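Here is a short briefing on a protein model. Look at the structure first, then work through the points below.

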There are 2 protein chains.
Amino acid sequence: MDKFNKIKEDNLAKIKYDKSSKGSIDEPILTLVNQINSLPDFFTTSSCSGRISVIKDGKGITKQRNAWIFKKHQAITVEELKSIVLPKERCSLKFETVILHIATNSIDNAFKMLKIARDSGWKKSGIISYKKNKIMLECSSTEVLAMPFSKEGRIIANDEILEEFCNQANEKLEKAHMKIKKFTKNLQLLTD
Amino acid sequence: MDKFNKIKEDNLAKIKYDKSSKGSIDEPILTLVNQINSLPDFFTTSSCSGRISVIKDGKGITKQRNAWIFKKHQAITVEELKSIVLPKERCSLKFETVILHIATNSIDNAFKMLKIARDSGWKKSGIISYKKNKIMLECSSTEVLAMPFSKEGRIIANDEILEEFCNQANEKLEKAHMKIKKFTKNLQLLTD
């Protein structure tokens, strides 16, 4: 077994014992993840199909395990947002779009996968690191929402803006799912 | 003159007659842009040092020239936001961080520049396209704000959230400027 395949095997074993807070791959991106992992020259190291979240603000907070107060990978309502039990710390409300980290074994393969991602509307995609046996791609898109939400345990955003946030976040989530489907289809065309 | 240098010369000539709405390179990123353009193997094709903007929402709107209602590359106040003359269309309020597009002539050079960008805290940086004579890098960072702002010419966000938006946007702008300085310094160290 060559070095790349050893890294791939170790990585796929880790996915089975996923240490993330969610503990599994999101359903909307599962087919694409499996499809990539079935290719001899590629494997995925992390994925998210798009999510709405409430997160504590502050320096270095994203590295803290307990920074997230709320995460949802499906459509959201204002009522749900209002029922979240909030901490004293300042919190932000976010929509983050689909993101996928893919490892490969050559520059040629990296550019091949990058082209498929970008042609599928994943316009925030690039090759982000290079090691002899592992080249990493980060594939993502442009949909984003990020706004102040609460302080001292109290929501500071008014209802009208929360309503608008939910409408836009739900639209963007649908857009992210469509882009996952397009990537899956374009990858299928290539490998058929 | 080789092909890469011909493309570089043509591109730098274009910058002098910049067709963007702003018509010039932002002052906080000018030193970095000039430094990159002075290197034989690199040139910049576009840049923004970070900005606060109000933009019309809707399908394909970012491609429209008149989509932007307001743009500012310096700190902002709630009073300024409230004095913007708004259109009937729904608008969003945004903070977008520093972004820089860099062209180079080889994969090795692309990875060299990418490493400097990422080591300078520009964590959203990658190689985004490959042509024989021009490899493109997009270098950016993670700071972002994007929220609903107005509809039918009326601001829908309450004052408390606008206040918080301004505080956070101004902080993020400072952070973006610090990252520009760090990139400039790290690039200097390499080329000295």
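Along its sequence, chain A of this predicted model runs in the order α-α-β-β-β-α-β-β-α-β-β-β-β-α. That comes to five helices and nine strands in chain A.

**Chain A**
- The C-alpha atoms of chain A fill a box of roughly 55 × 30 × 25 Å, taken along the principal axes.

**Aromatic pairs**
- Six aromatic pairs are counted over all chains.
- Phe4(A) and Phe43(A) have ring centres 5.5 Å apart and planes at 45 degrees, so this pair counts as tilted.
- The pair of Phe4(A) and Phe43(A) links distant parts of the chain. Phe4(A) sits in helix H1 (residues 3-16) of chain A, and Phe43(A) sits in strand S1 (residues 42-48) of chain A. The two residues are 39 apart in the chain.

**Size of the interface**
- The size of an interface is often given as the accessible area lost when the parts come together.
- Between chain B and chain A, the buried area is about 2700 Å². Carbon and sulfur atoms give 56% of that area.
- Chain B brings 31 residues to the contact, and chain A brings 31 residues.

**Links across the interface**
- How many salt bridges does the rule find across the interface of chain B and chain A? There are eight.
- In a salt bridge between Glu138(B) and Lys124(A), the closest N and O atoms are 3.0 Å apart.
- Polar contacts between chain B and chain A number 10 residue pairs, with both residues at pLDDT 80 or more.

**Chain B's side of the contact**
- Four elements of chain B each give two or more residues to the side that touches chain A: helix H4 (107-119), strand S6 (124-131), strand S8 (144-151) and helix H5 (159-191).
- S6(B) supplies the largest share of that side, with seven residues.
- By class, the side of chain B that touches chain A has 16 nonpolar, six polar and nine charged residues.

**Symmetry**
- Two copies of a chain are related by a rotation about an axis and a shift along it.

Note on methods. Residues are numbered from 1 along each chain as its sequence is written. Chains are lettered from A and ligands numbered from 1 in the order in which they are written. This is a predicted model: local features need pLDDT of at least 70, side-chain atom pairs count only at pLDDT 80 or more; totals for chains, interfaces and linings use all residues. Side-chain values use heavy atoms; hydrogens and water are left out. Contact means heavy atoms within 4.5 Å. Buried area is the accessible area (1.4 Å probe) that two parts lose on being put together, summed over both. A salt bridge is a side-chain nitrogen of Lys or Arg within 4 Å of a carboxyl oxygen of Asp or Glu. A polar contact is a pair of N or O atoms within 3.5 Å; within protein, one must be able to donate a hydrogen and the other to accept it, and residues adjacent in sequence count only if both atoms are side-chain atoms. Ala, Val, Leu, Ile, Met, Phe, Trp, Tyr, Cys and Pro count as nonpolar, Asp, Glu, Lys and Arg as charged, and the others, Gly among them, as polar. Rings of Phe, Tyr and Trp (its six-membered ring) pair if their centres lie within 6.5 Å; planes under 30 degrees apart count as stacked, over 60 as edge-to-face and the rest as tilted.
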